[in-house]
Every structure is written in C-alpha cells, then in structure tokens.
Amino acid sequence: MEFETKRLRALELLKSTGMRRGNYEPPVVSLLWRMGFAVPPPHFASFWGSAVFLGIAFGSVWGTVMWFLAWSHSGMDMHAAMLTSAVSGLLFGFAMASFYAYGRRKHRLPRWKDL
C-alpha cells in the first residue's frame, strides 16, 4: 500500500479513538509530511525510532534556546550545557515514546505494516 493511503487510514483510525488531533498529528510530524518525508503518525512509529527522533529534536532545540537565554550568561561551560541538553533529550524522547506506545496499546491500534 502506498504511504499516503496508509497515512490517511492511520489518521482515520486515530480520529475514531476520540483522541485530540494534536496528540496524533503533532505539528512537527505535519511539517515533516509537508516537506515530503514519509514518517508514520507517532502512534504507529517504532518505540526506539520515536525516542531517538524526539530526543534529538528536543535536546537540540531546548539546549540551543537555553544556551542563548540563560546558560551562556550564567557562565555555564559549553560541555556541561551539551551534557544537560543530551540528558534532557534522552529523558524527553523516552517519555514521549512511552506516551505514544501506551496510546497504541490502549486503543489497540494495529502495527504500521499491518494497515
């Protein structure tokens, strides 16, 4: 089945669960779709793929913002800032991947390849 067909089917299933649209179609995923990336909705993505992607994205953005707004002015060492960002990204990625995995089990959603 073509990616777009599977994506639309997955979105229909997610909508039928009563979840808020922002939960199953977050802005970053919508942006990736508009840019032409074939990524499944978060509830259908693999646990580790979600954890790595979301962890790197969050850690990079949050760390950069914190560096310019607070850490560089407080005298924080660049290595400490990078370590803090990496740990924060790791925790965030794991937490969000767990959230999506829980939703997948709770709503008994099929695997992406089974759509």
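1. Helix H5 has buried residues whose cover includes helix H2 (21-24) and helix H4 (47-74). Helices here are DSSP runs of H or I with at least four residues, numbered from the N terminus. Please keep in mind that this is a predicted model, where local features need pLDDT of at least 70, side-chain atom pairs count only at pLDDT 80 or more, and totals for chains, interfaces and linings use all residues. Residues are numbered from 1 along each chain as its sequence is written, and side-chain values use heavy atoms, with hydrogens and water left out.

2. The buried residues of H5 include Ala81, Gly93 and Arg104; buried means under 20% relative accessible area, exposed over 50%, and partly exposed in between (1.4 Å probe, protein chains only). Just after H5, arginine 108 has a positive phi of about 50°.

3. Now look for the largest nonpolar core, which has twelve residues, among them Ala10, Phe44 and Trp112. Such a core is a set of buried Ala, Val, Leu, Ile, Met, Phe, Trp, Tyr and Cys residues joined through side-chain atoms within 4.5 Å. Helix H1 (3-16) and helix H3 (27-34) are the elements that give two or more residues to this core, and H1 gives the most, with four.

4. Leaving aside neighbours within four places in sequence, phenylalanine 44 is in contact (heavy atoms within 4.5 Å) with residues including Leu13, Arg104 and Pro110.

5. Finally, find phenylalanine 37 in the loop between H3 and H4. Phenylalanine 37 is partly exposed, with a relative accessible area of 44%.
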